[in-house]
Amino acid sequence: MAQVELTGIAKSFGEVRVLRDVSLEIRDGEFVTILGPSGCGKSTLLRIIAGLERQDAGRIRIGARTVDTLRPNERDIAMVFQSYALYPHLTVAGNLALPLRMRLLSWQQRLPGARWFSPHIRAVERDINRRVSEAAALLQMETLLPRKPAQLSGGQKQRVAVGRAMVREPRVFLMDEPLSNLDAELRVHMRAEIAQLHRRLGVTFIYVTHDQAEAMTMSDRVVVMMDGQPLQFSSPGAIYSDPVDLRVARFVGSPRINTLPGVTTGRRSIDLAGLELPFDVALAAGERVTVAIRPAATGVAGQHGLPGSGVPGLSGRLVHRENLGSDLFLHARIDALDTTVIVRQDPSAIDAFPLGMQLQVDIPVDQALAFNSAGARIRSRVVARAAAS
Amino acid sequence: MTVGNLASAADTVEADRQRDWREALAAMALVGPATALIVVFLIGPLVCIALLSLTDYQLGAKALRFVGLANYAEMFGDRVFRRSLENTLTYVGVVVPLSVFLGLGAALLIEASASLRGFYRTIFFLPVMATLIAMAVVWEFVLHPQFGMLNLALNAIGMTGQDWLHDRKIVLFTFCGIGVWQSLGFNMVLFMAGLTSIPRDLYEAAEVDGAGQAWNRFWTVTWPLLGPVTLFVVVISAIRSFQVFDAIQVLTKGGPNRASEVLLYTMYSEGFEYFRSGYAAAVTMVFLAFVLALALFKTWFLDRRVHYG
């Protein structure tokens, strides 16, 4: 019912082109996260969907309607702001009721005291109160209803902001970095709560964030945006393991993906400082490419009695160790490539890796991703070929 | 409990007492200078005026006599004073609402248009910066019954001009007009500062919530969030209006026939023309009572209602 369809959206502020030709198709009931670094245009895109900003070009459809000329309140959307944007002079109940009062009562009917003269207004107000208490019950904040926003904690304000969006029963929920003002623990908690709310309401959620953890944990699909353009729109898993662009690969994943400069050999392989990785790429010899590999996909073959894994490796020197308890990250300096590679190991093995040791970093070819000089992914069928040969 | 315990407990109590005493001394030393200055420059003179209002002191006289509330009795029985008080209250009653609402209106209009904002702001703010004594001369030209610009303009559109400064029925309202003209710009600037401090998010939330049209937006966001500024503007305007004096002194000297006599003018003429300092002090006390009432009203009552804490 309420799929959101963007076609060729463009927006400039003066000379700055914030969005260039954005087209997305968001399915009904889907939780879609727009992920990108600050300044990539993701908030502007959300504001354009909301109608708070007008696009220079392109079309927006929500459900069956084209909404380009509609005001925000006519678009059947609700928005949760980063700053919560609660009305400070109204109680929580007043904040929740406001969108309903605006829609269900005319300005004469909203005048103070008007309710004493009209049973109709009183009936509408009873209905509003009922819906407000329902929303409050759903979000478990009945006790907050008589308070003013200034008396609430960050997490409570957040909840009220979500509640205010909810009472209108919108077909699309828009959220602009709603968790970024909360502390880390609460953020993790609210993440689960918002995902739960989405499942319960079953309406379309469009969620903007720069935090990859939020994007990966809550969404059905993620749009990664950079420089005003969506680079990839797919499931969180695919964004992580199958990025189509080097910028996506770099933005998602912590610690950052390892990137190694390579040169094509013309023999369906890539040369990494003497190490020849078989890659089924139809590129001429001498092209500069980037080979990227996740820290978790690499392995180590040490000098001191550790067995080699049999896959191609780069020799380096251990310059830094980070033990996070669940993961151990080894920083290996690869002098031949003038770069540092991060390798994930099990923390229990920490004693096997004294600082300064020489080690061999494995680059499993089936896990490595190759990107051309423009940053686009070079698809290779290396696994198939390896199996065939 | 042993004797040793008791003794050490007594020691502790003694030590505590000494420390409390030292802390109190330090506190007094720290607030001392400020307190001394306040007493010398604010409380002291106020007490002097209050005491003076109970005497028959005349400026320059060698002796004075305590007369109790005689000055006050005379004052409230005096038609001139009652007239003066009435005029002042009328003036405040006209100037405060007009200058506040026109100031708010001007601020909203200027904020709404991106172009010429600085120009309009300057124009409206000019009267605040100009000395009213100097501007009074200009007003005299504008309001002159024969060749004043105002009457010429009125005649040109077929209306009869008035003798703005010498008609007993009109003169007070002429001063109200000048007062509004003067404080509008000041109020406008305060409102503009208040407007810029309203978070943009709130307007956007209002728009999403269906309160996007100008009228709804004003009542949902602008007006409630301007609460603290509005309160400040009202109180400041009221206090400044109670202080109206210079234009009246220059243009009419309270005339004709006391029609534009106001509190400060009465105080001035009693104190510095008739040298009745005791009586002038009593008038001053009335003036102070109004200003103090306003200040207390602001701090105790309204501050709590406009800061949504």
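Residues are numbered from 1 along each chain as its sequence is written, while chains are lettered from A and ligands numbered from 1 in the order in which they are written. Since the model is predicted, local features need pLDDT of at least 70 and side-chain atom pairs count only at pLDDT 80 or more, whereas totals for chains, interfaces and linings use all residues.

For the complex, the predictor reports an ipTM of 0.80 and a pTM of 0.79. Chain A has a mean pLDDT of 87, with 95% of its residues at 70 or more; for chain B the mean is 84, and 94% of the residues get to 70 or more. Elements here are DSSP runs numbered from the N terminus, with helices being H or I of at least four residues and strands being E of at least two. The pLDDT stays below 50 over residues 382–389 of chain A, a stretch with seven contacts in the model beyond near neighbours in sequence; a contact means that the C-beta atoms of two residues, placed from the backbone, lie within 7 Å. Where pLDDT is low, the predicted coordinates should not be read in detail.

On to the domains, whose bounds come from an automatic or database domain assignment. Chain A is split into domain 1 (4–246) and domain 2 (255–388), and the centres of these two domains of chain A, taken over C-alpha atoms, are 42 Å apart. Four residues of domain 1 of chain A are in contact with seven residues of domain 2 of chain A. On the domain 1 side of chain A, that contact has three nonpolar residues, one charged and no polar. For these classes, Ala, Val, Leu, Ile, Met, Phe, Trp, Tyr, Cys and Pro count as nonpolar, Asp, Glu, Lys and Arg as charged, and the others, Gly among them, as polar. Chain B is assigned domain 1 (1–52) and domain 2 (75–306), with 45 Å between the centres of these domains of chain B over C-alpha atoms.

Two backbone details in chain A deserve a look. S254(A) and P255(A) are joined by a cis peptide bond with omega at about -5°, and P255(A) sits in the loop between helix 9 (246–251) and strand 11 (258–264) of chain A. E177(A), which is not a glycine, has a positive phi of about 45°; E177(A) lies in the loop between strand 7 (172–176) and helix 6 (184–201) of chain A. Most residues other than glycine have a negative phi, and most peptide bonds are trans.

Next comes helix packing, with axes as lines fitted to C-alpha atoms over the stretch in contact, and angles running from 0 to 180 degrees between N-to-C directions. In chain A, helix 2 (residues 92–104) and helix 4 (residues 119–138) pack at about 135° with their axes 9 Å apart. Helix 2 and helix 4 of chain A are therefore oblique to each other (under 35 degrees counts as roughly parallel, over 145 as roughly antiparallel, 65 to 115 as roughly perpendicular and the rest as oblique). Residues of helix 2 of chain A in this contact include L96(A), L100(A) and R101(A), and those of helix 4 of chain A include I128(A), R131(A) and V132(A). By class, the contact has 10 nonpolar, two charged and no polar residues.

In chain B, helix 3 (residues 79–112) packs on helix 7 (residues 171–196) at about 40°, the axes being 6 Å apart. That contact comprises 19 nonpolar, seven polar and one charged residues. Helix 4 (residues 117–129) of chain B also packs with helix 7 of chain B, at about 120° and with axes 7 Å apart, so this pair is oblique. Among the residues that meet here are F124(B) and F125(B) from helix 4 of chain B, and W181(B) and F186(B) from helix 7 of chain B. The tally is 10 nonpolar, two polar and no charged residues.

Key. pLDDT = per-residue confidence, 0-100.
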